[in-house]
Amino acid sequence: MLDQPIASRPSETDAAQGPAVVRFAGDSGDGIQTLGSEFTKSSALSGHGFMTFPDFPAEIRAPAGTTFGVSAFQIQIGGDRVKTHGDAVDVLVALNPAALKTNLAALRPGGLLIADRDAFAKRGLEKAGYAANPLEDGSLDGFRLEAIEISRLTREAALPEGVTKKEAETARNFWALGLVYWMFSQDRAPTAAWLKSKFAKRPEIAAANMAAMDAGHTYGDVTDMAPPPRLRVVTPSSPRPGTYRTLTGIDGMVLGLAAASALSGLRLHYCSYPITPASAILHGLAKLGGDGVATFQAEDEIAAATAAIGASFAGGLGVTGTSGPGMALKAEALGLATAAELPLIVIDVQRAGPSTGMPTKVEQADLNLALHGRHGEAPLPVFAASGPGDSFETVIEAARTAVTYMTPVIVLSDAYTANAAEPWRLPDVDALADIAVDRDIDPEGFHPFRRDAETLSRSWAVPGMTGLAHRLGGIERSSGSGHISYDPDNHQEMTDLRAAKLTRIQAALPPAKVTAGADAGRVLALGWGSTQGALKTAVEDLAAEGHAVGHLHLRHLSPLPRGLAEIFALYDRVVVAELNSGQLRAHLQGLFPHVSFRGLNKITGQPFTVAEIDAALREDLS
Amino acid sequence: MNVINPDLAAPDTDAATELTARDFTTDQEVRWCPGCGDYAILKAVRGVLAEAGRRPDDVVFISGIGCAARFPYYLASYGFHTIHGRAPAVATGVKMANPDLDVWVVGGDGDFLSIGGNHLMHALRRNVDLNLIMPNNAVYGLTKGQYSPASATGMRSPSSPAGSVEAPVNAALLALGAGARFIARSADTLQDHLPGVLKAAQANKGASFVEILQNCVVFNDGAFEAVRDKGLTADRTLRLEHGQPMIFGKDRDKGIAVDWQTGTARVVPVGDGGPVYDVTDHDQTNLALATILARMDAPDLPLALGVLYHAPADDFTVQRGDAPGRVIGRADLTGLLAAGKTWTVGDADVA
Ligand SMILES: Cc1ncc(C[n+]2csc(CCOP(=O)(O)OP(=O)(O)O)c2C)c(N)n1
Ligand code: SF4
């Protein structure tokens with residue numbers, strides 16, 4: 001049943017200017033991620049909108065040629081609408097049989113498959129578990145197969161540069177890159193420049209790789225290897241004027257934390273214990289190298305959280321970051337920070353669980369832990385970043401909230417956002433608001449739980465300050481003196497105060513807003529975190545067809561923004577899409593018992609595709 | 001305007017002449033059991049703080065959970081009573097944020113050796129400039145008397161009614177193994193000894209680990225006979241002094257001779273005022289000697305008290321270059337954001 005007639009869906013040919021999805025796949029040793037980042041850079045410089053998704057194996061050094069050693073990199077390029085790394089792949093480059101085997105399912109029917117014919121010899125086929133050569137047995141008839149002797153052609157192009165045979169062959173990823181550059185009319189110069197500086201000490205290697213890239217490019221030209229018709233012209237994007245860079249979710253966190261430090265004038269103390277995928281934040285901050293940003297590799301996640309609390313107690317900006325299992329270990333420390341009312345930022349780059357789960361794969365299943373995972377009543381703000389650029393903003397907002405309200409704040413990211421990259425417009429640093437730190441404290445009548453009437457924040461006196469010595473701790477405090485108190489009424493009062501802080505935070509948050517699609521109607525698609533791009537794309541497509549569907553994405557999961565009940569009332573149904581079994585949905589159903597919620601859930605370790613969301617929303621719309 | 005004293009490291013000489021133990025005493029009622037050894041330790045700590053002359057505003061006490069961990073409430077400095085076992089980690093964070101503070105960490109044997117063993121080990125190995133004092137009562141006091149990692153094998157307790165089968169940990173030896181550069185031992189009852197040890201610990205720039213044998217009158221009374229019984233102490237303990245021969249006994253008639261070949265110590269008689277060539281001199285910088293001293297115990301050997309080992313080295317925050325004033329400014333931030341490859345759309349300035 002439909003409210004409105006639906007316009008026919010755009011067909012493949014209509015979308016002749018649609019964005020293109022390219023996937024490079026090969027062995028971990030084939031330099032696939034390098035390929036990906038070079039193609040990304042070139043796409044950016046050509047003015048494309050993009051979103052990338054690296055998909056590397058969990059094994060550090062998997063045996064060459066095996067399916068579990070396959071590394072892949074996917075990118076969607078095109079106009080402003082590109083919000084995900086793309087569902088179905090238009091062009092798949094497979095550098096060996098294992099890469100073909102593990103990535104073929106992603107290729108759309110009729111899609112272009114470029115394979116290195118030379119790698120499909122007996123040994124490679126056996127390792128990948130192929131009984132017959134798929135390039136020859138007709139099993140790929142549904143695709144446009146281009147089986148090219150990439151290894152041989154690379155060798156021929158690279159050898160004259162004075163490298164060994166082996167060195168020449170390792171350049172075949174650049175041969176493939178050159179071919180793809182030709183297909184999308186992209187500039188090779190930035191990659192050539194990168195090769196020159198990367199191999200400054202071995203110019204012959206740089207030359208060999210460049211020769212391979214040029215050879216691939218020429219091959220495309222000579223054979224006129226056109227991209228699939230619908231991709232001939234990739235929609236150019238028309239971004240806002242400004243200076244851009246490529247940003248991953250990890251970069252967003254790293255730079256956001258550095259910004260929080262600069263805006264607050266507080267030295268940043270990032271305390272962490274290595275864990276995938278959160279480690280990259282530690283690496284990124286460590287690389288900034290002590291210029292006001294201190295990192296501490298603790299002995300475990302408990303020490304990381306408690307050292308960060310100690311740093312905040314002493315007047316720094318204490319931050320701790322981790323993933324899944326590490327988050328479980330921090331629970332007790334979060335209770336301490338809540339009771340002591342100290343600022344603390346806790347970043348959880350979620351990964352698939354339970355237990356070790358699938359460390360490199362995405363999931364949003366730590367939401368319950370973030371919202372409720374503490375002993376006693378320990379409410380604290382929980383924010384979620386919806387993408388790389390949003391990670392920057394969210395973590396700054398978390399720091400502002402932590403300092404303004406004297407509270408720990410959890411920031412949720414995930415394995416998808418962490419590694420995905422998008423173009424990011426550099427913010428005007430001068431326009432970023434200060435994070436005010438009030439250290440102008442009157443010793444007269446001071447006690448540590450004296451509060452600001454508006455924020456309910458206690459004053460942040462720190463060791464070294466004259467006349468303000470005080471004792472904090474996890475034992476309940478008298479609201480009037482800060483001394484230990486077992487008084488029943490006082491415990492009720494302090495419990496209420498800790499909860500009331502969240503109400504004050506909520507009052508200061510922007511109200512909830514529908515950001516895509518219809519403002520009212522049949523279905524509201526609600527999400528949080530990294531599902532943003534897929535949800536927005538699906539909803540915009542459906543709305544363009546005339547469907548009464550809207551999209552609302554939550555950054556603030558606790559406290560929730562105001563105005564949700566009013567918005568929910570404008571739709572027949574709210575579909576809560578999340579990469580777990582329904583944690584936010586259950587939470588909302590408890591808070592809004594009369595709203596009709598439906599869950600759109602997936603827990604495969606993979607992000608949503610636009611098609612999945614589209615199909616699910618259509619069910620609710622019909 | 002109330003600011004952090006920029007000159008925290010410099011001793012406040014005016015105050016040094018004026019401070020007394022009272023200046024470090026809070027209005028909080030001390031809540032240990034009457035007769036608990038912690039009272040004597042608290043008294044010694046207050047006295048040492050007064051003498052050292054650091055402003056109470058520059059002193060921080062961090063503790064975990066346990067009877068001993070209540071220390072911060074009774075000291076009129078900054079204090080943080082944290083969670084069980086994690087005090088060394090919290091204190092490491094404090095020190096990174098402000099290396100100029102005089103930071104003390106207090107925890108019982110359960111706090112430091114059991115749940116917090118990991119953090120103790122790492123604070124020691126990193127040589128964080130902390131004064132880590134561990135009242136060791138060889139029992140879990142606060143939770144009502146279960147055996148602890150320091151309890152003697154065979155100890156009967158609510159959780160070991162048939163006697164614990166576990167071997168106790170030797171705290172000093174553990175600290176040595178962790179790479180500690182200052183290890184000392186004293187006891188609650190030894191008011192002529194404990195303050196000196198605490199003073200030396202405070203003076204050391206780096207992690208200073210002090211085990212203080214402490215009597216829990218309620219759950220493990222008399223556990224440390226050698227230091228409890230005034231009649232026995234002189235014969236059952238050895239007071240170490242750097243560079244001096246290791247002589248002990250009521251009549252100072254016994255000495256410790258170390259056999260370097262076997263790494264063992266034995267008691268040798270010392271004639272009345274006669275030569276002491278058999279007796280080994282204490283050398284607090286000698287790791288091998290410290291190992292031997294840490295293991296000495298009844299019945300054959302006296303318990304070594306004092307500074308067992310002291311080999312100073314740069315502390316953690318010095319090595320890291322931590323400084324509270326170092327913050328990135330907005331100008332630096334602009335550069336950080338634009339690091340790497342950028343591209344420009346429209347006529348915006350190229351970063
Ligand atoms: C996570 C956690 N586990 C257990 C406890 C309970 N607990 C509090 S103090 C303590 C042991 C105290 O023994 P010790 O550290 O030797 O200190 P003492 O009380 O003897 O001075 C225990 C087990 C706790 N507070 N927190
Ligand atoms: S239980 Fe033991 S350690 Fe605790 S206060 Fe009483 S005597 Fe002291």
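User: Which residues come nearest to ligand 1?

Analyst: Quick note before we start: this is a predicted model, where local features need pLDDT of at least 70, side-chain atom pairs count only at pLDDT 80 or more, and totals for chains, interfaces and linings use all residues. Residues are numbered from 1 along each chain as its sequence is written, chains are lettered from A and ligands numbered from 1 in the order in which they are written, and side-chain values use heavy atoms, with hydrogens and water left out. A residue is near a molecule if one of its heavy atoms lies within 4 Å of it. Of the 17 residues around ligand 1, the nearest are C67(B), G110(B), D111(B), N137(B) and G141(B).

User: Why is the site of ligand 1 shared between chains?

Analyst: Look at who surrounds the ligand. The site counts as shared because the residues around ligand 1 come from chains A and B.

User: Which residue has a side-chain N or O atom 2.9 Å from an oxygen atom of ligand 1?

Analyst: Let's go through the polar contacts (pairs of N or O atoms within 3.5 Å). Polar backbone atoms of D111(B) lie 2.7 Å from a ligand 1 oxygen, and for L142(B) the backbone distance is 3.0 Å. The side chain that sits 2.9 Å from an oxygen of ligand 1 belongs to N137(B).

User: What area do chain A and chain B bury between them?

Analyst: Contact here means heavy atoms within 4.5 Å, and 82 residues of chain A touch 68 of chain B that way. Buried area is the accessible area (1.4 Å probe) that two parts lose on being put together, summed over both. With 62% of it on carbon and sulfur atoms, the buried area is about 5700 Å².

User: Which residue of chain B forms a salt bridge with D434(A)?

Analyst: A salt bridge is a side-chain nitrogen of Lys or Arg within 4 Å of a carboxyl oxygen of Asp or Glu. The count between chains A and B is three. For D434(A), the closest N and O atoms are 2.8 Å apart, and the partner is R330(B).

Conventions: Polar contact = N/O pair within 3.5 Å; in protein donor to acceptor, adjacent residues only side chain to side chain.
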